[in-house]
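Here is a short tour to read with the sequence and the 3D view side by side.

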Amino acid sequence: MACEMACGYHRDDGFALLSACIVTYRTREKKDYFGVLLKREEDLLIARPEGTEIKRIGVEEETDSSQEADASAKPMLLREACDLCKDMDLGPMCVRFCPVDAITNVE
Ligand code: SF4
């Protein structure tokens with residue numbers, strides 16, 4: 001969750017996880033399973049081990065019970081969109097502080 005901490009610091013000058021544009025993603029069904037959700041201007045980028053998915057904000061989709069973990073995306077809609085840390089000299093903070101290099105900037 002270093003990405004969330006770093007982003008929260010970028011957004012709020014404090015370690016406020018609820019201010020982060022990026023959150024870690026888990027499911028209850030799979031052990032040691034992680035991904036990230038990234039709030040962007042017009043969509044949510046969902047990056048999981050099996051691949052990435054983009055969900056347009058405001059577009060209703062049919063859901064099934066296997067996508068229960070996606071409910072965690074709802075609070076993301078209220079957050080600010082990622083600005084790629086445009087005012088930070090060190091570049092994207094989430095990329096810089098990820099201890100396992102799980103995030104890359106492919107702008
Ligand atoms: S690039 Fe910056 S604003 Fe975007 S998710 Fe990472 S830390 Fe947050």
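Predicted model: local features only at pLDDT ≥ 70, side-chain atom pairs only at ≥ 80, totals over all residues.

## A word on terms

## The overall layout

The protein chain has 2 helices and 4 strands. Read from the N terminus, its elements follow the order α-β-β-β-β-α.

How many of the residues of the protein chain count as buried? Of its 107 residues, 36% do. As for contacts between residues at least 6 apart in sequence, 36% of them link residues at least 24 apart.

## Around the ligand

Where does the ligand sit? You will find it in the largest pocket. Its surroundings are made up of Cys7, His10, Ile22, Leu38, Cys82, Asp83, Leu84, Cys85, Pro92, Met93 and Cys94. Sorted by class, this shell holds 9 nonpolar, 1 polar and 1 charged residues.

Two helices take part: helix H1 (2-12) and helix H2 (93-97) each give at least two residues to the shell.

## Helix H1 and what covers it

Several residues of H1 are buried, namely Cys3, Glu4, Ala6, Cys7, Gly8, His10 and Arg11. Strand S1 (22-25) and H2 are included in what covers these buried residues. Cys7 and His10 also belong to the set of residues surrounding the ligand.

Just after H1, Asp13 has a positive phi of about 55°.

## Met93, a link between the ends

Met93 lies in helix H2 and is among the residues around the ligand. Is Met93 buried or exposed? Buried means under 20% relative accessible area, and Met93 has 7%, so it counts as buried.

Beyond residues up to four places away in sequence, Met93 touches Ala6, His10, Cys85 and Met88. Ala6 and His10 are among the buried residues of H1. Met93 and Ala2 are 91 residues apart along the chain, and their C-alpha atoms are separated by 9.4 Å.

## Two loop residues with positive phi

Cys85 and Asp32 make a handy pair to look at together. Phi of Cys85 is near 55°, a positive value in a residue other than glycine. Asp32, in the loop between S1 and strand S2 (35-39), likewise has a positive phi near 55°.

Their surroundings can be read from accessibility. Cys85 has 9% relative accessibility and therefore counts as buried. Asp32 has 67%, and because exposed means over 50%, Asp32 counts as exposed. Cys85 is also one of the residues around the ligand.

## Asp43 in strand S3

Asp43 is part of strand S3 (residues 43-48). Which side chain is joined to that of Asp43 by a polar contact of 2.8 Å? The partner is Arg40.

With a relative accessibility of 10%, Asp43 counts as buried, because the cut-off is under 20%. Apart from neighbours within four places in sequence, Asp43 is in contact with Leu38, Ile54, Lys55, Arg56 and Ile57. Of these, Leu38 is also one of the residues that surround the ligand.

Definitions and conventions: Residues numbered from 1 in each chain as written. Heavy atoms only, no water. Buried < 20%, exposed > 50% of the residue type's maximum accessible area, 1.4 Å probe, protein only. Polar contact = N/O pair within 3.5 Å; in protein donor to acceptor, adjacent residues only side chain to side chain. Contact = heavy atoms within 4.5 Å. Near = heavy atom within 4 Å. 1 Å grid on protein atoms, 1.4 Å probe; cavity = no way out; pocket = protein on both sides within 12 Å on 5 of 7 lines; lining within 4 Å. Sits in = over half its atoms within 2 Å of the grid points. Nonpolar A, V, L, I, M, F, W, Y, C, P; charged D, E, K, R; others polar.
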